Amino acid sequence: MPQDPSDGERATGVGRLAATVERLRGEIRAAQAAADGRALLELAKGVLIERLGCGPAVAAQQLAALAEEAGVSQLELAAEIINQAARDHVTDIATEFARRATNEAMTATEERASIGVRLRTAESAALAAGDTQAVAESLLDHALTPLGASAVAVWTAGSDASLTLAGHAGFPADEAGRWRYVPPGVSTLARQALSRRQAIRAASLRAAGLPSIGWALNPGGGRVAVPAGTGGRIHGILEICWPGPLEPHPPQIERQIEALAELCAHTLEGRPGAPVAPSADTWITPPDLSELTHLAEGLYDPALVLTPFLGPEGELVDFRIHHVNGRFVDPAGRPRNAVDGALLLEAYPMAVGGSELFESIERVYATGEPFRARRMTLTALVDQVPLASVADISVSRHGSSVLLIWRVEDEAARLANLLQHAQRLGRIGGFEENVATGEITWNDQLFDLYGRPHKSRPVPLEELAAHAHPDDAEAIDHFLRAVLHHRRPASADFRLLRPDRVTRHIRVIAEPVLDAAHRLLAVRGAYQDISAQHWTEVALAATRDQLAHTEQQAAERNRLTLQLQHAIMPPTQAPLDSPGLQIAVRYRPAESESMVGGDWYDAVVLPSKQVMLCVGDVAGHGIEAATSMVVLRNAMRGLAVTGAGPGQLLSWLNIVAHHLTEHVTATAVCGLYDPHKGTLRWARAGHLPPVLIRGEKATTLRTVSGVLLGALSEASYEEEELPMSPGDTLLMYTDGLVERRDESVQDSLAKLLSNARIPSTSLEHRLDGLLKHSKSDTDDDTCLIGIQVV
């Protein structure tokens, strides 16, 4: 009984089967390559038959003999023969490539033959292929794989600027199925190439930030999307993919890719249903023009049917006006037959000027994407024609033709429309009243202003008082007397009582219409709803009254604040009785009463015979800052009698500022001068350090640590002791003495020290001089204390 084969045997059988399948695939690919090569050989034989006048057998013998003599393959020789016979774009590419290529890998002849064979083989395979899918596969196999490309996609551009995948190679089937159709408006790499009408190169899809077929499989791969078009029209896009980041191509490679795109364009152009473009030499009427002509005749706006006009080399040079519909009116006033059948740039040479009309038509024809523009000036179409008409432009592609529609806006209608909108926005209604016949004409805005139906009887001027507030009867009477009897323009404001019980404030303006004998014929004028203006004026008057009251209150508040500050801290103070020490103080209030601040000073002899010196600055301005200053100043005086040092006094004062006031923060510097020891113990809470003047030098004391008052619930402050000698002068001050908006504090302190070095005859004169030379521009209070040891 036979036994079942083991797993190894089955594996060996599967491997053999896979090897057989791969061998068959290779044979198929070799057969396809041989078939493509045979097509190229047959083309070369056909050239020899035509040139030598021989039969197919003799041509084959000649081809083999020539190849053997030249030392090249028959395929390379066939490509060279076709190049010489065709002298087309592919020939130029191969020649240019050979001219620019280096000799590092092969000779120029070998390079030219290689490129020529690749391009000619791809061309013959594409021409023999039955669909675009086979063309894409042939391009990848014969021309793109030698360039390092891994996949290719051929897109067909639709009339609505959509993209359809017509052929692909190197992509999985399911990936191609997902990208079978790209709707209009979706931004992809191929879409960018279509809209810009130029090749788009991306080092990688990730760097480009644009999706495309295969982007999820290899986002780091490079891409090139090249428009494939002929005769000024883009039939599709050739998109080539590389497995890795794409480096810049040399010019010869770029031209080779352009040649492949041109080959795709001819393939797409030759598909069933592709439009036929007329050339400069032959005029071919596309089959879709009759339907487009009927469509243009059915439009209510002027329309032109344009067809492309190509040059000798197949490039787009102009558009021919194939048909103009019955509603067309030439901007230059020419008859229709003078325009019908002419070239667009010949009929309208300025179409390439400021309006950019020709460029827009060219883009629509190339990409299929419609163009719309509002209020394009038509004067730019015809040179030296003084027209002022504008139009709404619409350009769309239909098959191989372009439909141009413009809706000319009549100037008189436009002005009437503007006037109507202006009257509506300004809530203005016009009227005319014939005095002889009594006929009255109102526009629609005036009926709406009165709140009356449009078919109702207009209100005569003589009955105006009956529709107004009784209190306005006198103003209306003066208005009517001026217009109807004195026959001069006049105006009046009154309150209109509408039927819907709504009262509107109205201004009526009228002027008489007189004949040659100065007799009154009619009255013309307008009513304007000024309710919004009236209530705005009422609100403005109320606001002025409220503002005046507020200003009066603020002035009174500032006056009381200033009186309070001056009562507590006069600008000068009587000399203190302290042997061996001169003390002087100065207080300069802010120039603006609204900027009254919380700067304070204090100089007092304590029961211990020590002299307490303090200056401080409460944050803010106004009555709140002044009252907070009073609290801190009085608290400092009360705490000083305990005999504590300046650091402890500031620590206690910080507790007062943090817990016993309403969110007060302040800076301060406190010093205790002992006349027996001749020393000054001092501490600071976020304040500028004192200035010591000794001899001809002026310096600031070392900045000891200490945060501002009220910032923390508890804080400690560093103390420092300064020995003082006779002649020494110490200054304590607030920032109003030095602070400027346009310079740093360090620069301001440097200027203060420079002014402090100026010799002075007395301490009083020194303080006055410092205030005089102060360059502060912040409009802040300034406190200044000076002591001098004698």
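The structure is a predicted model, and every value below is computed from it.

**The six-stranded sheet**

Six strands form an open sheet in the order β3-β2-β1-β6-β5-β4, and the pairing is antiparallel. The edges of this sheet are β3 (181-182) and β4 (200-202), each of which pairs on one side only. Within the sheet, strand β1 (residues 151-157) and strand β6 (residues 233-241) are antiparallel and are joined over six bridges, and in this pairing Val 154 has Leu 238 of β6 as its bridge partner.

Two helices lie across strands of this sheet. Helix α6 (residues 132-144) lies across β1, β2 (163-169) and β6, and runs at about 50° to β2. Helix α10 (residues 251-269) lies across β1, β2, β4, β5 (223-230) and β6, with an angle of about 50° to β5.

Strand β20 (residues 666-674) and strand β21 (residues 679-685) run antiparallel and are joined by six bridges, with Val 669 standing opposite Arg 684 in β21.

How many of the five residues of β25 are buried? Five of the five are, so the strand is largely enclosed by the rest of the structure. In general, the side chains of a regular strand alternate between the two faces of the sheet. In β25 both faces are covered, with Thr 729, Leu 731 and Tyr 733 buried on one side and Leu 730 and Met 732 buried on the other.

Strand β25 is paired with β22 and with β26. Three bridges join β22 to β25, and these two strands run antiparallel; here Leu 692 has Leu 730 of β25 as its bridge partner. Five bridges join β25 to strand β26 (residues 782-789), also in the antiparallel sense, and Tyr 733 stands opposite Leu 784 in β26.

| Strand pair | Bridges | Sense |
|---|---|---|
| β1 and β6 | six bridges | antiparallel |
| β20 and β21 | six bridges | antiparallel |
| β22 and β25 | three bridges | antiparallel |
| β25 and β26 | five bridges | antiparallel |

Helix α20 (residues 745-756) has 12 residues and reaches 16 Å from its first C-alpha to its last, close to the 16 Å expected at 1.5 Å a residue. Its buried residues are Ser 748, Leu 749, Leu 752, Leu 753 and Ala 756. Seen down the axis of α20, these buried residues fall within an arc of 140°, so they line one face of the helix. An α-helix has 3.6 residues a turn, so residues three or four places apart point the same way. The buried residues of α20 pack against β22 (691-694), β23 (697-700), β25 (729-733) and α21 (763-772).

His 323 lies in strand β8 (residues 316-324). Is His 323 buried or exposed? His 323 has a relative accessible area of 14%, and residues under 20% count as buried, so His 323 is buried. Leaving aside neighbours within four places in sequence, His 323 is in contact with Thr 293, Ala 296, Glu 297, Ala 303, Leu 304, Val 305 and Asp 340. The C-alpha atoms of His 323 and Thr 293 are separated by 6.9 Å, although the two residues are 30 residues apart along the chain. With Glu 297, the side chain of His 323 makes a polar contact, side chain to side chain, of 2.6 Å.

**Two loop residues with positive phi**

Arg 501 is found in the loop between β14 (490-497) and β15 (503-514). Its phi is near 65°, a positive value in a residue other than glycine, and Arg 501 is exposed, with a relative accessible area of 80%. Lys 609 is found in the loop between β18 and β19 (611-621). The phi of Lys 609 is near 75°, likewise a positive value in a residue other than glycine, and Lys 609 is exposed, with a relative accessible area of 54%.

Methods. Residues are numbered from 1 along each chain as its sequence is written. This is a predicted model: local features need pLDDT of at least 70, side-chain atom pairs count only at pLDDT 80 or more; totals for chains, interfaces and linings use all residues. Side-chain values use heavy atoms; hydrogens and water are left out. Helices (H or I, at least four residues) and strands (E, at least two) are DSSP runs, numbered from the N terminus. The expected span of a helix is 1.5 Å times one less than its number of residues. Buried means under 20% relative accessible area, exposed over 50%, partly exposed in between (1.4 Å probe, protein chains only). The arc is that of the directions from the helix axis to the C-beta atoms. Contact means heavy atoms within 4.5 Å. Two strands pair if DSSP finds at least two bridges between them. A polar contact is a pair of N or O atoms within 3.5 Å; within protein, one must be able to donate a hydrogen and the other to accept it, and residues adjacent in sequence count only if both atoms are side-chain atoms. Axes are lines fitted to C-alpha atoms, for helices over the stretch in contact, and angles run from 0 to 180 degrees between N-to-C directions.
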